[in-house]
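Welcome, and take a moment to settle in before we walk through this structure together. Please keep the sequence and the 3D view side by side as you read.

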Amino acid sequence: MVIESFVENGIVMQGLPDIDGVIRREVPVTTEINGQGGDIKGFEVVYQQAFDFLPAPFDGLGTSVNFTYAPSDSANVDVYGKSLPIQDNSEKSANAVLWYEKGPLQLRLAANYRSDRLDSLSSPMGEGVVPFWTDSTLYFDMYAGYEFAEDMSIYTSVSNLTEEKEDIYAQWSDHVITQNIFERRITFGIRTRF
């Protein structure tokens, strides 16, 4: 896929007035800008299987797995002159779900992976920029539900089971500049249909 232009995070120089309304200097301002375009190539592989051929009680098991490989290039280059990918595009991503559904019981465990991805671009440094990257992440989610009456069920779900965090680093992976911490989130509920 060839992309002529896309929105990306960038830095522009902007004049800011002093208290008397006179602009005496320009400062770098981080904002969304129009990117110069790029391309994405790749493929996706998907596999889904219900294991209903297994003996009871394992005949309620199933799985769904996918893997995506999508390298990209943009007009941006880093401080070494190396081409940078399109922002927020992971070269590799994968999802895997193991489920169990039989009778009134539903169980699901999911894993979601993304390789590191370009987060934003800093101020220009000579011919290139210092890219800010989000490190690779692996999230686990869990769901359990039980239908205790016709059209009524109780459930619980856990998002980010292992409390995965996101490190943002500048150009080099050991140069972490910020970290996004996402706590585990547990939800309980009752569902009904009318």
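A residue is called buried when its relative accessible area is under 20%, exposed when it is over 50%, and partly exposed in between, using a 1.4 Å probe and protein chains only. Before we use these words, note that this is a predicted model, in which local features need pLDDT of at least 70 and side-chain atom pairs count only at pLDDT 80 or more, while totals for chains, interfaces and linings use all residues. Residues are numbered from 1 along each chain as its sequence is written, and side-chain values use heavy atoms, with hydrogens and water left out.

Let us begin with charged pairs. Side chains of opposite charge can pair when their charged atoms come close. A salt bridge here is a side-chain nitrogen of Lys or Arg within 4 Å of a carboxyl oxygen of Asp or Glu, and the model has 8 salt bridges by this rule. Asp 20 pairs with Arg 24, their closest N and O atoms lying 2.8 Å apart. Asp 18 forms a salt bridge with Arg 25, with 4.0 Å between the closest N and O atoms. Asp 18 is partly exposed at 26% relative accessibility, and Arg 25 is partly exposed at 46%. Asp 18, Asp 20, Arg 24 and Arg 25 are linked in a network of salt bridges.

Another bridge joins Lys 102 and Asp 59, at 2.8 Å from N to O. This pair links distant parts of the chain, 43 residues apart: Lys 102 is in strand E8 (residues 92-102), and Asp 59 is in the loop between strand E5 (43-50) and strand E6 (61-69). Strands (E, at least two residues) are DSSP runs, numbered from the N terminus.

Strand E6 also holds Asn 66. Is Asn 66 buried or exposed? With a relative accessible area of 19%, Asn 66 counts as buried. Leaving aside neighbours within four places in sequence, Asn 66 is in contact (heavy atoms within 4.5 Å) with Glu 44, Val 45, Val 46, Ser 93, Ala 94 and Asn 95.

Now turn to the nonpolar residues. A nonpolar core is a set of buried Ala, Val, Leu, Ile, Met, Phe, Trp, Tyr and Cys residues joined through side-chain atoms within 4.5 Å. The largest such core has 6 residues: Leu 84, Leu 118, Leu 121, Val 129, Trp 133 and Tyr 169. Strand E10 (117-125) and strand E11 (128-134) are the elements that give two or more residues to this core. Tyr 169 touches, among others beyond four places in sequence, Asp 116, Pro 131, Trp 133 and His 175.

Finally, look for open space. A pocket is found on a 1 Å grid over the protein atoms alone, as an open set of points where a 1.4 Å probe fits, with protein on both sides within 12 Å along at least five of seven lines; lining residues have an atom within 4 Å of a point. The largest pocket holds about 390 Å³ of space. Its lining has 17 residues, and Lys 82, Ser 83, Pro 85, Glu 91 and Trp 133 lie nearest its centre.

How values were computed. Helices (H or I, at least four residues) and strands (E, at least two) are DSSP runs, numbered from the N terminus. Grid points are joined across faces, edges and corners, and a volume is the space filled by probe spheres set on the points.
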